[in-house]
Amino acid sequence: MVLPTRPIRYRAERMSYKATRTLLQPWSPDFIELEPLNSLVKSARVIGVGEGAHFVSEFSLARATFIRYFVETHGFNAIGLECGAIQGDRISKWLNSPSDTNKLDSVTNPLTFALYGAVLVWLKAYIRDTGAKLIVIGIDLPNTLSPCEDLEQLVRGIEVLDPLMKSEVDLMRQSLASVSGESAVVSSMQWGELDLTSRNNALSGIMRLKLRLLGLAPVFTKHRGEPFKKLFESVLSIEHTLETLRIMKTLFDGTSLEGDTSVRESFMASAVERYLKEYPDMKMILLAHNNHIQKTPVSYSGELMAVPMGQHLAHREDYYSIGATHLGATVPEMQYPSPSSPLGFSVEPVLADKIRKSSVEHFILDAGCVMDPCVLLADDVRHTQRIRSQSSSIVTSVADAFDALYCIPSVSKDKLVEV
C-alpha cells in the first residue's frame, strides 16, 4: 500500500508523537516526555516492550528507560525475558542479591548474556541504588533449545512424585544428552544428528509422561501440589522444546509448514497467563522481540511465519504492546554459519531493509522526527503497512500490531555482544 503524500503530511501535523531525547538516558529519564503512554499504561497489567533487532545497544537503553517509567510511575513489579524458567530464576536471584561477587555471565548462558546483558547490568545497579522490588521471570523455552536443565529438574522431581517413571526419564535424559548447544542453531543441528528412532522415542516419551501426570494429577496435587506444579511445568517445557527442535530441523531442511513456529509462541503466552493468574498483584513488562509481542500474524512475504505470543494475549484488555524501529542505514544481524562462535552465528552490521512509502519508518521521516528518538501512539500510524524487523521488514497493519511505537534514529551493535 503506497500512502499518498498529502494525507501523510496532514496526519504528521496532528500526530501526537513526541521527540523523546531522554529515551536513551535511563540514568536520568524525564518521564514527562513519556506522558503520551499514560493513557495506555494506566489500564495495563502486562506490556510488551519490543526491539526491532537483537543485540542493539540503543534498544537496550530505551528498554531500561521504559522499565524505570513503568516501575516508578505505574507500579510494575516483574520483568519477563526470552529465556527458560530455570534461567529466569537464577537471574532474579542474582539481581536481588546484595552481593556483586557473582558476575552476570556466571548465571546466564552466552546467548542470554548477549541478548539482555546491557539491560540486566543496568538493572542490577538500579535495584541496588533505589531499592526497587523487581523479579525476573523466564517466560520462554530455554533460548538455547537444549532440554538438559529441564530434564535434570524432571529427574529430581520424578524421583519423589512418580518413581515408577524414573527409569524412563533417565533413559530420555541420556538419549538427549548431546542436544546441549549454546543456541537454537547449534541445538537443532545436534537434534538432527540423532537417529530418527531416538528423536521419535523422545517425542513420544515426553507425551506419554505428560498424559500420565495429567491422569494422576488429583492424587499428586492432594498432598504435594507445589512440587507437582513445578514438575509438570518442566514436562511442558521439554515437550515444547522437542517439538520446536523438530520444527527447526524442518526449517533448515526446507520442509517446514506455514506457521509451525507458533508452537513456541503459544508456550510463551501460556506462561504469561499462568503467572498473571497465580500472582494477582503482578504487573509484568515483557522484553521480547517485536515479532513476539505484536498482535498480528508475523509475515515477511505473504507466508505466515507465526501466530505470535502477542496475538495469543490480544484477547486480554490489559495487554499492550510497544514496538520498536529505527531509521538507520545498517542494523546488527545474525550471520550463519560461524563455526568459531559457540552460538553458531556471529553478529555483524548489515544493510537494513529499504524504507518504503508504506512503512512506518517512511511516515516518521515524513513527519520530521529524524534527529531524536520519538514515541508514537498506534492511532498516529494507522495507515502504515510495514515495519522493519531485523534486516528485513514484516508486512502488517502496524496500528493493529502495536499500541505504541518508539523509533531510534540509528542503531549499533551492543558492546557486550562478543559473537
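This is a predicted model: local features need pLDDT of at least 70, side-chain atom pairs count only at pLDDT 80 or more; totals for chains, interfaces and linings use all residues.
Trainee: How much space lies in the largest pocket, and which residues are closest to its centre?
Mentor: The space in the largest pocket is about 1,200 Å³. Its lining is made of 44 residues. The closest to the centre are Met 248, Arg 264, His 292, Met 334 and Tyr 336.

Trainee: Which element gives the most to the lining of the largest pocket?
Mentor: Look at the elements that give two or more residues. Among them are helix H5 (110-130), helix H9 (196-253) and strand E9 (330-335). With 5 residues, the element that gives the most is H9.

Trainee: Which residues are closest to the centre of the second largest pocket?
Mentor: About 780 Å³ of space lies in this pocket. It is lined by 42 residues. The closest to its centre are Gly 84, Ala 85, Ile 86, Gln 87 and Asp 89.

Trainee: Which element gives the most to the lining of the second largest pocket?
Mentor: Elements that each supply at least two residues include strand E4 (135-138), helix H6 (148-161), H9 and H10. With 7 residues, the top contributor is H4.

Trainee: How many charged residues are in the lining of the second largest pocket?
Mentor: Asp, Glu, Lys and Arg count as charged. The lining has 14 nonpolar and 14 polar residues. Its charged residues number 14.

Methods: Residues are numbered from 1 along each chain as its sequence is written. Side-chain values use heavy atoms; hydrogens and water are left out. On a 1 Å grid over the protein atoms alone, a cavity is a set of points where a 1.4 Å probe fits but cannot get out, and a pocket is an open set with protein on both sides within 12 Å along at least five of seven lines; lining residues have an atom within 4 Å of a point. Grid points are joined across faces, edges and corners, and a volume is the space filled by probe spheres set on the points. Helices (H or I, at least four residues) and strands (E, at least two) are DSSP runs, numbered from the N terminus.
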